[in-house]
Structures are given as structure tokens and as C-alpha cells.
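Hi everyone, thanks for coming. Please have a look at the sequence and the structure on the screen, and then I'll walk you through a few spots.

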Amino acid sequence: MDEHKRREMDKMDDMFRMQYSISVENQPYPVLCTLSADGCTTHVPDFPKITTQAASLDAALLEAKQQIQKALRQYKNPPIPTKQEQIVVPQNSVLVLVKAS
């Protein structure tokens, strides 16, 4: 009977770990991109310290993705990505979802 309980508890532990990894690590993070004559500036709402500026949208998004990956390695429990409908997109900006993995 005790062995049966241990196996079932192990299954539950696996389920909870799997659910967490699916919900956070595999979801994209929203990135606000503002275009100007100088290029593109990005801001990541879930990581307020991450901002990038580059000559093109592609270069700015690549830099943002790299900084998100770096930030995720520093968190034991990374933030859950904010839903797009909860983000206010300013004029001259677009919202891009960036998958960190």
C-alpha cells in the first residue's frame, strides 16, 4: 500500500512540474516596439529593466530576445507573460510576441 502511495505522489509531482514549464517557458513575452526616424526602441512590460534600441526592427527584436533569455536564467520562478489584451499600445508602436526559447 505504501509503495502505491509513493508512486501516485511521484506522478502528481511530475504533473505539477510539467504544468509550470508549459505555462511559462514555452509562452512568448510581449515586446512593445516604437519606430522612429532613428530606428526602433523596444520595451518588455514583464521585464521593466529591458529596453533596446537599434537601427532596425529586426535588430531591436533580436537584442530584446537575447536580454529576455538572459533575464530568464536569473529567475528561479520567471514571470508569467502578460496577456496581449492587457497591454496598452501607444501610438507609433506595435506589440510583438517574442518566444525566448
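Let's start with Val 31: leaving aside neighbours within four places in sequence, Val 31 is in contact with Thr 42, His 43, Val 44, Leu 61, Ala 64, Ile 68, Val 94, Leu 95, Val 96 and Val 98. Contact here means heavy atoms within 4.5 Å.

A quick word on the model: this one is predicted, with local features needing pLDDT of at least 70 and side-chain atom pairs counting only at pLDDT 80 or more, while totals for chains, interfaces and linings use all residues. Residues are numbered from 1 along each chain as its sequence is written, and side-chain values use heavy atoms, with hydrogens and water left out.

Now, which residues have the most contacts inside the largest nonpolar core? They are Val 31, Cys 33, Val 44, Phe 47, Ile 50, Leu 61 and Ile 68, in a core of 15 residues. Such a core is a set of buried Ala, Val, Leu, Ile, Met, Phe, Trp, Tyr and Cys residues joined through side-chain atoms within 4.5 Å, and buried means under 20% relative accessible area, with a 1.4 Å probe and protein chains only. The largest share of this core, five residues, comes from α2; helices are DSSP runs of H or I, at least four residues, and strands are runs of E, at least two, numbered from the N terminus.

Next, is Thr 42 buried or exposed? Thr 42 counts as buried because its relative accessibility is 1%. You'll find Thr 42 in strand β2, residues 39–43, and among its contacts beyond four places in sequence are Cys 33, Ile 50 and Ala 60.

Conventions. Buried < 20%, exposed > 50% of the residue type's maximum accessible area, 1.4 Å probe, protein only.
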